[in-house]
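Colleague: Could you take one part of this model and go through it closely? I would like the surroundings of a loop residue and then the packing of a pair of helices.

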Amino acid sequence: MTGTFGNADAHAAFVAALRGGALHHAWLLVGPEGVGKASFAQAAALRMLAEASATGVSAPGLVVPEGHPTRALVDAGSHPDLRVMRRLPKDAEKPDQDLARSITIAQVRSLQPLFATTPSMGARRVVIIDAVDDLERNGANALLKNLEEPPAGTIFLLVSHAPGRLLPTIRSRCRVLRFGALDDGDMAKALRQALPEAGEDEIAALVRTGEGAPGRAIRYAGLDIDGLDRAIAGIAEDGDPMNARRAALARALAGKGNAARYEAFLDRVPAMIAREARTRSGTRLKTALDAQAAARDLAGAALGLSLDAQATVFEMAAIVATLR
């Protein structure tokens with residue numbers, strides 16, 4: 001389990017509640033994706049379970065020392081009083097491939113036998129849902145019943161990238177902790193810990209491209225995002241009148257061996273156009289907004305419909321070229 005960085009106010013608010021002895025039963029961790037909400041949830045869960053164990057813990061904040069029995073169980077994924085709920089793989093035999101579109105009601109209902117018993121190793125049990133935005137509608141309603149009548153000793157930590165999509169009744173039953181983008185210093189610390197073999201040049205490049213979100217930056221590691229951004233910027237600058245730049249980029253990102261870089265491209269282009277739009281006004285702003293909407297729709301369709309990568313890159317680059 002890695003450490004947490006930045007968002008000191010959110011950390012302090014949770015620790016104060018923990019020390020005060022009046023810990024709310026449900027916490028909604030909101031903020032941009034990749035800024036450390038899930039890492040915080042894991043650290044908070046570990047600390048709560050360690051405090052409730054027979055061994056206890058006296059270290060400050062959310063720290064649980066190495067060698068603590070609770071840490072060993074949590075790191076091994078075998079602590080009986082911790083449940084982490086995420087989208088499951090579409091194919092159980094291929095866990096590293098495509099995930100289901102949502103967290104199902106069946107997953108939420110699978111918690112009920114757990115709630116019918118008392119915690120096994122202390123007075124607390126923790127349920128992490130990452131992300132609660134992914135719950136299908138019936139699953140959200142099932143969760144709401146647990147939040148309305150929380151099982152004794154159970155703390156819910158709900159990670160949300162888009163809290164506006166949640167049922168208002170879920171939001172109303174949670175205490176909110178807000179997380180924001182990390183500054184460059186905290187970004188670098190988080191990336192050095194997560195990527196110990198990365199050189200300082202790569203760390204610096206990832207700090208720039210991660211835009212305050214270590215989780216996003218880590219996904220870009222080893223993909224030469226700087227080179228990809230330069231290629232996109234070149235097309236936007238000169239419009240690529242002979243189609244040479246976009247054709248070369250499409251060839252470079254085609255094929256299974258380039259899948260990660262292709263997905264990064266689909267992620268980077270709408271964000272780059274959105275940043276460009278913020279610098280424009282008048283008709284040039286409308287051009288950028290239209291391009292951003294088209295790029296966002298194409299990126300969403302590309303993966304969801306498994307569109308041909310080479311053709312998709314060429315079409316996306318053509319959208320970028322309209323920015324000239």
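Modeller: Helices here are DSSP runs of H or I with at least four residues, strands are runs of E with at least two, and both are numbered from the N terminus. The model is predicted. In those terms, His 79 sits in the loop that links helix H3 (69-75) to strand E2 (82-85). Its relative accessible area is 6%, so His 79 is buried. Apart from neighbours within four places in sequence, the contacts of His 79 are Leu 49, Thr 70, Leu 73, Val 74 and Met 121.

Now the helix pair. Helix H8 (residues 184-194) packs against helix H9 (residues 200-210) at an angle of about 125 degrees, and the two axes are 9 Å apart. H8 is therefore oblique to H9. Their crossing is right-handed. On the H8 side the contact is made by Asp 184, Met 187, Ala 188, Leu 191 and Arg 192, and on the H9 side by Glu 200, Ile 203, Leu 206, Val 207 and Gly 210. Six of these contact residues are nonpolar, one is polar and three are charged.

In H9 the buried residues are Ile 203, Ala 205, Leu 206, Val 207, Thr 209 and Gly 210. Among them, Ile 203, Leu 206, Val 207 and Gly 210 also take part in the contact with H8. The buried residues of H9 pack against H8 and also against helix H10 (214-220), helix H11 (225-238) and helix H13 (259-277). Just past the end of H9, Glu 211 has a positive phi of about 50 degrees.

Key:
Residues numbered from 1 in each chain as written. Predicted model: local features only at pLDDT ≥ 70, side-chain atom pairs only at ≥ 80, totals over all residues. Heavy atoms only, no water. Axes fitted to C-alpha atoms, helices over the stretch in contact; angles between N-to-C directions. Parallel < 35°, antiparallel > 145°, perpendicular 65-115°, else oblique. Left-handed = near helix turned anticlockwise from the far one by under 90°. Contact = heavy atoms within 4.5 Å. Nonpolar A, V, L, I, M, F, W, Y, C, P; charged D, E, K, R; others polar. Buried < 20%, exposed > 50% of the residue type's maximum accessible area, 1.4 Å probe, protein only.
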